[in-house]
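Please look through the sequence and the model below before reading on.

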Amino acid sequence: MNILEVKNLTKKFGGLMATRDVSMNVEKNSITAVIGPNGAGKTTFFNMITAVYRPTSGDILLNGKSLVGLKPHQVCHFGISRTFQNIRLFNEQTVIENVLVGMHQRLKGHWIGTLLHFPEVTREEEAAKVEAYKILQYVGLEEFVNESAGNLPYGAQRRLEIGRAIAAKPKILLLDEPAAGMNPKETRQLTDLIHDMRHRLDVTIILIEHDMKLVMKISDYLYVLDHGELIAEGKPDEIRNNQRVIEAYLGKEATQRG
Ligand SMILES: Nc1ncnc2c1ncn2[C@@H]1O[C@H](COP(=O)(O)OP(=O)(O)O)[C@@H](O)[C@H]1O
Ligand SMILES: [Mg+2]
């Protein structure tokens, strides 16, 4: 069953086609990857799914219902959460407060709210804190609960973004370059976490990622963008051996890395 269907999605910024006529079908509970060189339109694609940008044309269907025209908090409410390529945490807030913000988005449907500012702690807030703590344990950050988010090591900040995103109990989790800046050990732990989330949280995962080893290991299905266009799709083995992909992406990357 397809949980997400993207139909002929085009986004223009002035004269630039950031994505052109991109279609995708994402199977429920799959791990689907979107890969491609810098500037290919991957983040723009996520920004349209999460209603940061409205598509110039095309449609996005979640379980058959169009998301186009909704506000970002409504998309979140319908079950789509994300992390950002450039980490976006509340650096001055504590780690657990950042997770509570994610939870609050689900409960109240709007951005940062009363939860962090009311002096009296209600019973619901107490329960929310217990849940937030469990999420932090799950993503391996329990040692940092009361630390300011901005003080966390980089890899831990990336995991905290995932914690915040899953606090909203999404049906679909979008991860924008989750392994960027991680060392090999952190990347391995992240791979395990992504694998585990799909079953434990009953979530569909779409990830943008440059780490080919990670992508090929964990993805069920891949879409390859280049200059805004979908140039290939398929299972990891099909993509690995696709000449167009090798030229557009893997070849270029290999050359760049020298
Ligand atoms: N808000 C914007 N205004 C103008 N151009 C943009 C905007 N966002 C992205 N772009 C352009 O769209 C193209 C795709 O960008 P992006 O989606 O960030 O690529 P990727 O994530 O694959 O590296 C790039 O050429 C980028 O400069
Ligand atoms: Mg990007």
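## Aromatic pairs

The structure, which is a predicted model, holds three aromatic pairs. In one of them, the ring centres of Phe13 and Tyr53 are 5.2 Å apart and the ring planes meet at 75 degrees, so the pair is described as edge-to-face, a term that applies to planes over 60 degrees apart. A pair of aromatic rings is described by two quantities, the distance of the centres and the angle of the planes.

This pair links distant parts of the chain, since Phe13 belongs to strand 1 (residues 2-13) while Tyr53 sits in the loop between helix 1 and strand 4 (57-62), and the two residues are 40 residues apart.

Which atoms of Gly41, Lys42 and Thr43 lie close to oxygen atoms of ligand 1? For Gly41 it is a backbone N or O atom, which lies 3.0 Å from an oxygen atom of the ligand. For Lys42 it is an N or O atom in the side chain, at 2.8 Å from a ligand oxygen atom, and for Thr43 it is likewise a side-chain N or O atom, at 2.9 Å from an oxygen atom of ligand 1. Taken alone, ligand 1 exposes 560 Å², and the protein buries 63% of that area.

## A cavity in the protein

The structure holds one cavity of 30 Å³ or more, and the volume of the largest cavity is about 30 Å³. Which residues line the largest cavity? The lining is made up of Thr83, Phe84, Arg158, Glu161, Ile162 and Pro178, and by class these residues divide into three nonpolar, one polar and two charged.

Definitions and conventions:
Residues numbered from 1 in each chain as written. Chains lettered and ligands numbered in written order. Predicted model: local features only at pLDDT ≥ 70, side-chain atom pairs only at ≥ 80, totals over all residues. Heavy atoms only, no water. 1 Å grid on protein atoms, 1.4 Å probe; cavity = no way out; pocket = protein on both sides within 12 Å on 5 of 7 lines; lining within 4 Å. Points joined across faces, edges and corners; volume = space filled by probe spheres on them. Nonpolar A, V, L, I, M, F, W, Y, C, P; charged D, E, K, R; others polar. Polar contact = N/O pair within 3.5 Å; in protein donor to acceptor, adjacent residues only side chain to side chain. Areas by Shrake-Rupley, 256 points an atom, 1.4 Å probe, with all protein chains shown as cover. Phe/Tyr/Trp six-rings, centres within 6.5 Å; stacked < 30°, edge-to-face > 60°. Helix = DSSP H or I, 4+ residues; strand = E, 2+ residues; numbered from the N terminus.
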